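Please keep the viewer open and follow along as you read.

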Amino acid sequence: MKKNKKLGSLLTYFDSIDSTNNYANLLLKEKKISDGQVIIADFQSGGRGQRGSIWESEKGKNILFSIYIEPDNLLICDQSLLTKFTSISLCEVLSLFRLDAKIKWPNDIVVDGKKICGILIENHIEDDKIKGSIIGIGLNVNQEKFEIEKVTSLKLQTGKDQDRMKILGILLDYLDKNRSYLSNNKKHLNEMYLRNLYNLRVNSNFYSDLYGNFSGFISDVDSSGKIEITTDLGVLSFGIKELKFC
Ligand code: BTN
């Protein structure tokens, strides 16, 4: 097993950039990025979210960064472990502020049901392996007003301004600790992910193109990252984009 450098040993800061994920992708294309490298910005003019959405963030208020990692021997079928180790790390860090942060499947981090952090993972695949992964994280820290509903920040939750750089340092330490489980304890990551899952075993309403509106409860997320909902029809399994929470 290769010895990886500590995450964030190399950090590039931008006052303003289109998207830290775009920049990391560019460096990767030019073979100018190395394991553990972090790209961070105070403002993104073209911040990207999941499913082609836009990630908006007030300048200088939040933590916006991308981290590049080269996992050891991680198969495509295990790619959900990247989501898992990242989201677990975020919940652990938020718990240091006495917040009960949960993972809303697959990888939104919520507090009191409101989104506090988004994760955008872009993988570089060769043969059947993940050769490199760009993990983009947008954590709402000191922003107090949002255009959209059901969004929050650390300041709104704790009532205090928070030190972004200190939080980044702590988060990198937790990401560093948890990345080791990618190769040596996948079971732990699966268990921890489930333990931190939002609305696990709570009766809820869902929508899928195949089944329409239905109710049931989340009973599991399998090792490939698919969510399992126990319903009157039996246990239904869904991949990303196949299920909506109502
Ligand atoms: C989501 O839609 O929930 C994912 C949001 C991810 C936002 C982060 S901010 C840093 C990085 N750069 C981007 O353009 N997006 C990610």
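The report starts with the ligand and then turns to helices, single residues and backbone geometry.

This is a predicted model, in which local features need pLDDT of at least 70 and side-chain atom pairs count only at pLDDT 80 or more, while totals for chains, interfaces and linings use all residues. Residues are numbered from 1 along each chain as its sequence is written, and side-chain values use heavy atoms, with hydrogens and water left out.

**The ligand and its shell**

Around the ligand there are 21 residues, and the closest are Ser 19, Gln 44, Arg 48, Gln 50 and Lys 115. By class, the shell holds 6 nonpolar, 12 polar and 3 charged residues. Here Ala, Val, Leu, Ile, Met, Phe, Trp, Tyr, Cys and Pro count as nonpolar, Asp, Glu, Lys and Arg as charged, and the others, Gly among them, as polar.

Which elements supply at least two residues of the shell each? They are helix H1 (20-29), strand E3 (63-69), strand E7 (114-126) and strand E8 (129-139). The largest share, 4 residues, comes from E7. Helices (H or I, at least four residues) and strands (E, at least two) are DSSP runs, numbered from the N terminus.

| Residue | Protein atom | Distance to a ligand oxygen |
|---|---|---|
| Ser 19 | side-chain N or O | 2.7 Å |
| Gln 50 | backbone N or O | 2.7 Å |
| Lys 115 | side-chain N or O | 2.6 Å |

Taken alone the ligand exposes 420 Å², and the protein buries 98% of that. Accessible areas come from the Shrake-Rupley method with a 1.4 Å probe; for residues, only the protein chains shown count as cover.

The buried residues of H1 are Thr 20, Asn 21, Ala 24, Leu 27 and Leu 28. Seen down the axis of H1, these buried residues fall within an arc of 120°, so they line one face of the helix. The arc is that of the directions from the helix axis to the C-beta atoms. Buried means under 20% relative accessible area, exposed over 50%, and partly exposed in between (1.4 Å probe, protein chains only). The buried residues of H1 pack against strand E2 (38-41), E3, E7 and E8, with contact meaning heavy atoms within 4.5 Å.

In helix H5 (residues 186-195), the buried residues are Leu 189, Met 192, Tyr 193 and Leu 194. They pack against helix H2 (80-95), strand E5 (101-104), helix H4 (164-184) and strand E10 (212-221).

Arg 48 lies in the loop between E2 and E3. Is Arg 48 buried or partly exposed? At 31% relative accessibility, Arg 48 counts as partly exposed. Its side chain makes a polar contact of 2.8 Å with the side chain of Asn 22. A polar contact is a pair of N or O atoms within 3.5 Å; within protein, one must be able to donate a hydrogen and the other to accept it, and residues adjacent in sequence count only if both atoms are side-chain atoms.

Gln 143 sits in the loop between E8 and helix H3 (154-158), and Gln 143 is buried, with a relative accessible area of 6%. Its side chain reaches the backbone nitrogen of Glu 58 at 2.9 Å, and a polar contact of 2.8 Å joins the side chains of Gln 143 and Asn 62.

**Backbone geometry**

Most residues other than glycine have a negative phi, and most peptide bonds are trans. A cis peptide bond joins Trp 105 and Pro 106, with omega about 0°, and Pro 106 lies in the loop between E5 and strand E6 (108-111).

Lys 150 is not a glycine, yet has a positive phi of about 60°; at 64% relative accessibility, Lys 150 counts as exposed. Lys 241 has a positive phi of about 75°, and Lys 241 is exposed, with a relative accessible area of 67%.

Note on methods: Near = heavy atom within 4 Å.
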